[in-house]
Amino acid sequence: MSLLNASGLSLINLSEPADSTRRKPAELKALADTAAQELEGAPAEEIAKWAADTFGERFCVTSSMADAVVAHLFSRAAPGVDVVFLDTGLHFPETLKVRDTVIRTMNVNVRSVRPRLTVGQQDGEYGPRLFARSPDECCFLRKVEPLERALADYDSWATGLRRDESPTRANTPVVAFDAKKGKVKVNPIAAWTQDDVDAYISRWNVPVNELFKKGYGSIGCWPCTRRTKAGEDPRAGRWAMFEKTECGLHV
């Protein structure tokens with residue numbers, strides 16, 4: 001069950017009990033292991049169709065709204081699919097603009113998932129600027145824990161992870177079983193290059209975050225994101241003052 005806010009954006013309500021008929025972790029792992037082998041090298045559209053056909057309503061897409069490529073891909077494979085957006089309260093306006101464009105123009109159901117605490121409440125409980133003192137803790141509160149809640153009623157979800165994004169993502173499989181979550185993780189564009197992404201965006205006129213044109217290589221929350229320099233890894237602008245390259249969603 002979900003509620004709509006004044007702007008028509010779906011806000012997740014996770015109070016309902018889970019359906020006991022869902023697949024067990026062992027079955028999900030078997031599905032993922034087989035698909036990982038059979039779908040390696042397959043077109044992204046084929047991977048998306050497999051996920052939509054296999055999991056139906058127990059499947060969702062997650063999107064940071066840096067671009068809407070994966071959301072668009074699944075709008076074609078599974079019209080009306082749920083697209084989960086983690087509304088951290090610290091996004092750039094340009095990111096929210098992409099989200100709003102997706103809501104208006106794509107056949108998907110954007111679900112906005114918010115942290116349990118507002119930014120102000122978090123400041124009051126943990127002290128101001130937690131992101132500057134303990135970014136892992138801030139990411140957990142504003143991203144990791146909300147995603148855990150958001151995925152509660154799904155057996156599988158899709159991401160936009162790509163192998164060429166960073167060394168930590170170089171071995172990303174197209175399908176995998178996430179043992180921590182007990183769910184199947186689908187990465188349909190894992191094998192794509194930036195050229196592949198750009199070609200898809202151009203072909204389908206997919207919304208893209210305007211910050212990419214302003215020197216940003218990877219876009220997250222505004223306090224922890226800077227422009228990247230020529231020759232830098234695209235994710236070098238994330239948590240630049242720390243030995244941190246991932247928010248915790250994919251580890």
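1. Accessible areas come from the Shrake-Rupley method with a 1.4 Å probe. For this predicted model, the accessible surface of the protein comes to about 12,500 Å². Carbon and sulfur atoms hold 53% of that surface.

2. Now the overall build. The protein has eight helices and eight strands. It has 251 residues, and 49% of them count as buried. Take the contacts between residues at least 6 apart in sequence: 68% of these join residues at least 24 apart.

3. Next, the cysteines. How many disulfides are there by the distance rule? The count is zero. A disulfide needs two cysteine sulfur atoms within 2.5 Å. For Cys138, the closest cysteine sulfur is in Cys139, at 6.1 Å, so the gap is too far for a bond. For Cys224, the closest cysteine sulfur is also in Cys139. Here the distance is 6.3 Å, again too far for a bond.

4. Are Cys138 and Cys224 buried or exposed? The cut-off for buried is under 20% relative accessible area. Cys138 has 6% relative accessibility, so Cys138 counts as buried. Cys224 has 17%, so Cys224 counts as buried too.

5. Last, look at Arg169. Where does Arg169 lie? Find the loop between strand E6 (156-158) and strand E7 (175-178): Arg169 is there. Its relative accessibility is 8%, so Arg169 counts as buried. The side chain of Arg169 has a partner as well: a polar contact of 2.8 Å joins it to the side chain of Glu165.

Methods: Residues numbered from 1 in each chain as written. Predicted model: local features only at pLDDT ≥ 70, side-chain atom pairs only at ≥ 80, totals over all residues. Heavy atoms only, no water. Buried < 20%, exposed > 50% of the residue type's maximum accessible area, 1.4 Å probe, protein only. Helix = DSSP H or I, 4+ residues; strand = E, 2+ residues; numbered from the N terminus. Polar contact = N/O pair within 3.5 Å; in protein donor to acceptor, adjacent residues only side chain to side chain. Contact = heavy atoms within 4.5 Å.
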